[in-house]
Amino acid sequence: MRFAFTEEQDELREVVRRLLDRRGGPEVREPDVVAEGYDQEVWAQLAEQVGAHSLGIPEEFGGGGFSLLETLIVVEELGRRLSDIPFLGSAVLASEAVLATGDRAACERLLPGIASGEQVVSLAWAEPDTGWARDGFRTKARSDGDAWLLDGRKVHVLDGAQADTVLVLATADGRPALFEVAEPRTTATTPLDLTRRMAEIDLAATPARLLGHPPVQRIVDVAAAAVAAESVGAAQRWLHETVEYTKMRTQFGRPIGSFQALKHRLADCYVAVESARSLSYAASWSVSTQDDRASELAAMAKSACTEAYYAIAAEGVQLHGGIGITWEHEAHLHLKRAHSATRLFGTPSTHRAKLLTA
């Protein structure tokens, strides 16, 4: 069996890459400074010129009618540039969560805005004690006549403070349910990864609209495959930048990249990123087609790809030498993005443990 992207998919990748390369690398900020907003120009260009936000959304709901696979190609390229736009939370997680409910009215109301980029929708999932659980949410929903009220607390909400609408996973009638909250009480937090924005949401008798009871495992699979794709893109570019630096930096009258010890370390990094890429592509295809092995491959990809990125990020810091530990260089952004990626939507050990019991 030979896996290969189509000509159209390769062209999509090139278009997105050229657009992002024109904007340059990630913005290097002072320590502990997280941007309140995001790059509106890139966000608009991806929506208007590429239609990236709409790729995985059916045409009947204002989308492009492609698949999640095309969306994850965009995610990989965004990871390559450590982009700070809310694509992962809105165009990937939120849209897939809404689609998973099977609620046509909700799809007609929410998906067109996501597809056009005019609306940012965030998914509030993780909780302080249970993390990114599949069920048993401490956030509870109770009916109040024809309405619903939510009580609980959500953490690590991607772009929660910037979102126009927040979707909340909660327990209703003893099972997981997805709710739409128009005006949640959000508090922006300072995450480890300065290229992401996170928020906490406090829910106290907060009015909400029930969208349905989506299979949470589907959301888990999509999230895992997306972070794997993002990590592969970032790892690939950071390895390239590191190799280029070892060609320029000289020591003892010769480029440091010519020393055998460094060659071995870079070769190990290359093998790691290529192996991770293969697993990421397998997971992206499997999750997009909802293949029988989707959950297994997504968990494997999340574990392997984030760990490979972390290893490459750490090597890159070392091989960049003195400049690699300065705030003015992007090396620390990769290290923090890699460290947070291993924990986002569940740690590698958590996903491996679930593989053993599957």
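F345 is found in the loop between α9 (331-343) and α10 (348-357). Helices here are DSSP runs of H or I with at least four residues, strands are runs of E with at least two, and both are numbered from the N terminus. This is a predicted model, in which local features need pLDDT of at least 70, side-chain atom pairs count only at pLDDT 80 or more, and totals for chains, interfaces and linings use all residues. Residues are numbered from 1 along each chain as its sequence is written, and side-chain values use heavy atoms, with hydrogens and water left out.

**Positive phi angles**

F345 is not a glycine, yet its phi is positive, about 65°. The residue is buried, with a relative accessible area of 7%. Buried means under 20% relative accessible area, exposed means over 50%, and partly exposed lies in between (1.4 Å probe, protein chains only). A205 is also not a glycine and has a positive phi of about 50°. It sits in strand β7 (residues 198-212). A205 is partly exposed, at 34% relative accessible area.

**Strand residues and their partners along the chain**

E200 also belongs to strand β7. T165 lies in strand β4 (residues 165-172). Where does each stand on accessibility? E200 counts as partly exposed at 25% relative accessibility, while T165 counts as buried at 11%. The table pairs each residue with another one further along or back in the chain.

| Pair | Separation along the chain | C-alpha distance |
|---|---|---|
| E200 and G160 | 40 residues | 7.4 Å |
| T165 and A182 | 17 residues | 5.2 Å |

**Two bent helices**

The expected span of a helix is 1.5 Å times one less than its number of residues. Helix α4 has 15 residues and should span 21 Å; its end C-alpha atoms are 20 Å apart, which agrees. α4 bends by about 25° at A94. A bend is the angle between axes fitted to the seven residues ending at a residue and the seven starting there. Of the 15 residues in α4, 13 are buried, so the helix is mostly covered. G102 follows α4 and has a positive phi, near 75°.

A kink of about 35° lies at L110, shortly before the proline P112. L110 is buried, as are A106, C107, L111, G113, I114 and A115 of this helix.

**Cavities**

A cavity is a set of points on a 1 Å grid over the protein atoms alone where a 1.4 Å probe fits but cannot get out; lining residues have an atom within 4 Å of a point. Grid points are joined across faces, edges and corners, and a volume is the space filled by probe spheres set on the points. The model has three cavities of 30 Å³ or more. Which kinds of residue make up the lining of the largest cavity? Seven are nonpolar, four polar and six charged. Nonpolar covers Ala, Val, Leu, Ile, Met, Phe, Trp, Tyr, Cys and Pro; charged covers Asp, Glu, Lys and Arg; the others, Gly among them, are polar.

Key:
On a 1 Å grid over the protein atoms alone, a cavity is a set of points where a 1.4 Å probe fits but cannot get out, and a pocket is an open set with protein on both sides within 12 Å along at least five of seven lines; lining residues have an atom within 4 Å of a point.
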